[in-house]
Amino acid sequence: MMDEMLRIYPSVGDLQDACAEQVAQALKPTTESQTMTIALSGGSTPRHMHELLAQRPHVDWSRVHVFWGDERTVPPDHEESNFRMAKESLLDRASIPEDQIHRMAGEKDPVVAAEEYEKKIQAVFNVRPPEMPRFDVVILGMGADGHTASLFPDTKALLELKRYAVANHVPQQNTVRLTLTFPVLNAAQLVIFMVAGADKAGAVERCLQGTEDVPPAGQVQPTDGQRRWLLDAEAAARLISDD
Ligand code: 6PG
């Protein structure tokens, strides 16, 4: 059963601050022994949220395993690397044990990198297909076209229902991306969409109020978890309020 929450913030700064606090709360272990798992989003919006998250005092990073929802097929020090963005804004600021940082190898052959990532997930979560890993927190962004992670409209990865991670050819970006798949995203305990900007308003409306042609972001619906939409006012501009 999916639980849904929608919050709209006046500015992107307020959105990033609220998201950082909610992620920090969600990373609090519920039992002494529990380790926590998070999948980070790429793009630009998470950068400042990461910086704020790194400052939150009550996150025990020694118990957190960090993954990514997607990665570009570039080396980890490339300016477009999602890992590099996270390293600069979070990993270098929070004391996360090296062996708990699970990077997608964007520098490798994408098919090999996706297979290696699946093995990493299997090892950390101690799962084997068809069982799905259950992330404690998945942070996702959304593009103006409604893509999320690297699940772009009309791409093959949208049809993947068994594998955890795949290499996805994205013709509209003339590239191949690495991405987690819908089954993994929909197995999560908590999915947080953090979306800002007027250019996203149309896709937000289609995700939340659309009845057909729902874009990939709208198809992320945790089977037994919560989906939170954290939006700034610009991204929420086309939502019709019920009252
Ligand atoms: C990526 C992301 C992607 C991103 C959206 C929004 O690798 O680019 O994972 O899904 O979240 O494109 O990006 P912005 O935050 O830059 O708008």
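Q: Which residues touch the most other members of the largest nonpolar core?
A: In this predicted model, local features need pLDDT of at least 70, side-chain atom pairs count only at pLDDT 80 or more, and totals for chains, interfaces and linings use all residues. Residues are numbered from 1 along each chain as its sequence is written, and side-chain values use heavy atoms, with hydrogens and water left out. The core (buried Ala, Val, Leu, Ile, Met, Phe, Trp, Tyr and Cys residues joined through side-chain atoms within 4.5 Å; buried means under 20% relative accessible area with a 1.4 Å probe, protein chains only) holds 77 residues. Those touching the most other members are Leu 27, Ile 38, Leu 53, Trp 61, Trp 68, Phe 135 and Leu 180.

Q: Which residues are in contact with Leu 53, leaving aside its neighbours within four places in sequence?
A: Contact means heavy atoms within 4.5 Å. Beyond those neighbours, the partners of Leu 53 are Ala 20, Val 23, Ala 24, Val 59, Trp 61 and Leu 90.

Q: How far from an oxygen atom of the ligand does a polar side-chain atom of Thr 45 lie?
A: Thr 45 is one of the closest of the 16 residues that surround the ligand (a heavy atom within 4 Å). From its polar side-chain atom to the ligand oxygen, the distance is 2.6 Å.

Methods:
Buried means under 20% relative accessible area, exposed over 50%, partly exposed in between (1.4 Å probe, protein chains only). A polar contact is a pair of N or O atoms within 3.5 Å; within protein, one must be able to donate a hydrogen and the other to accept it, and residues adjacent in sequence count only if both atoms are side-chain atoms.
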